[in-house]
Amino acid sequence: MNALAATSRNFRQAARLLGLDSKLQKSLLIPLREIKVECTIPKDDGTLATFVGFRVQHDNSRGPMKGGIRYHPEVDPDEVNALAQLMTWKTAVAAVPYGGAKGGIGCTPGELSRSELERLTRVFTQKIHDLIGINTDVPAPDMGTNAQTMAWILDEYSKFHGHSPAVVTGKPIDLGGSLGRDAATGRGVMYATEALLTEYSESISGSTFVIQGLGNVGSWAAKLIHQKGGKIVAVGDVTGAIRNKSGIDIPALLKHRSEGGSLEDFYGAEVMDAAELLVHECDVLVPCALGGVLNRENAAEVKARFIIEGANHPTDTEADEILAKKGVIVLPDIYANSGGVVVSYFEWVQNIQGFMWDEEKVNRELQKYMKNTFQNIKDMCKSQNCNLRMGAFTLGVNRVAKATLLRGWEA
């Protein structure tokens, strides 16, 4: 089951638990606006190339819409739709005043030069500038885009609307980006782990961890869990996996990788079969790579007692059921990896105020949000008698439904 089907299924279950009427359910699922634009640019060799750009704006009942822009050859309108919907629930769970959106351009960024990417980004912005905005829709980086892409969008948008740093988040620091944004998702994963373990009278420093994926989220999560005294006994990425039952020296490993070394030739651990990583002996498993890695093939073999979903949709529906029967506690992605969107909100707030925070304040506020959200999810689990995933979904859907009803959706 892909992310689209899983999101729809979770929404339907949450709506049923909350007793939402079918007309309201339908209204909450249908996007507010779907935008499709043609972007034609001159390439460096003088030929013309045409790309199709999308932006799906799902819901604005709780505030301006928020979501990434991805550059990928398979930007599919259905997938963008599902991801926009997921952002609506995610921002509501995190209690940030946004709705959901998502967008992208069907292209292969690796095959375009820097100047071609800039031209493409500027043409896309020209086509949608009157449909995004500080109080309307605030894009952010996603797969295939980065802080530089946001800088180009900001510059192009500002030509039409005057200097508007709050129109995008995930910007370079020099253009109003927030300190702490780079580490935010990984730091959020660490705070979420802390909140969950505290609930079970345990702590990071007394637990063993396995981390899958050493991209931005995985490497920050590993670094911060290690700093808190957590013992990371195995890690893996696309190149392979390593283990050390006495604990891997994470700062040394990250330094080794930044210098071009691979996992396999790291001196502080032994190479292991990458297929065994997810079923390795540990207290806490943190998948931070791709979706669907925990499935019916391997779920029964998982030895961890807790799973923290750093990636989007790493546990498919069948695995969820198997893990629940085994008594494994799964902390859902919609909460566990929401640190990024929370700090994006802080960036937007700082830009609007024209007053930047120091990194300590950013991290302190993020910790407060992650802690409060966990408590809200636990309360929802108690009142609805459901697991953490359903608790988070009912919390998000309930907040959006309430806002929609208060604003008067049938008029």
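Q: What handedness does the β-α-β unit made by β6, helix α7 and β7 have?
A: A crossover is called right-handed if, with the strands pointing away from the viewer, the path from the first strand over the helix to the second runs clockwise. In this predicted model, β6, helix α7 (residues 216-227) and β7 form a right-handed unit of this kind. Helices (H or I, at least four residues) and strands (E, at least two) are DSSP runs, numbered from the N terminus. Residues are numbered from 1 along each chain as its sequence is written; because the model is predicted, local features need pLDDT of at least 70 and side-chain atom pairs count only at pLDDT 80 or more, while totals for chains, interfaces and linings use all residues. Side-chain values use heavy atoms, with hydrogens and water left out.

Q: How many bridges join β6 to β7, and which way do the two strands run?
A: Two strands pair if DSSP finds at least two bridges between them. Strand β6 (residues 208-212) is joined to β7 by 5 bridges, and the two run parallel, with I211 standing opposite V235 in β7.

Q: What links β7 to β8?
A: A hairpin passes from β7 to β8 through 2 residues, and the two strands, which run antiparallel, are joined by 4 bridges. V235 has I242 in β8 as its bridge partner, and I242 in turn has V271 in β9 as its bridge partner. Strand β8 (residues 240-243) and β9 are antiparallel and joined by 3 bridges.

Q: In what order do the 7 strands of the open sheet lie, and which stand at the edges?
A: The order is β9-β8-β7-β6-β10-β11-β12, with mixed pairing. At the edges stand β9 (270-272) and β12 (329-331), each with a single partner strand, so one side of each has no neighbour in the sheet. Neighbouring strands are turned by 20° against each other on average, direction ignored, where axes are lines fitted to C-alpha atoms, for helices over the stretch in contact, and angles run from 0 to 180 degrees between N-to-C directions.

Q: Why is strand β7 described as largely enclosed by the rest of the structure?
A: Buried means under 20% relative accessible area, exposed over 50%, and partly exposed in between (1.4 Å probe, protein chains only). In strand β7 (residues 231-237), 6 of the 7 residues are buried, so the strand is largely enclosed.

Q: Where does UniProt place the feature "active site", and is that residue buried or exposed?
A: UniProt positions are given in the numbering used here, feature names are shortened, and annotations may be inferred rather than shown by experiment. The unreviewed UniProt entry places "active site" at K102, a residue of strand β4 (residues 99-106). K102 is buried, with a relative accessible area of 9%. Not counting residues up to four places away in sequence, K102 touches R55, V56, G68, R70, V80, L83, A84 and D142, contact meaning heavy atoms within 4.5 Å.
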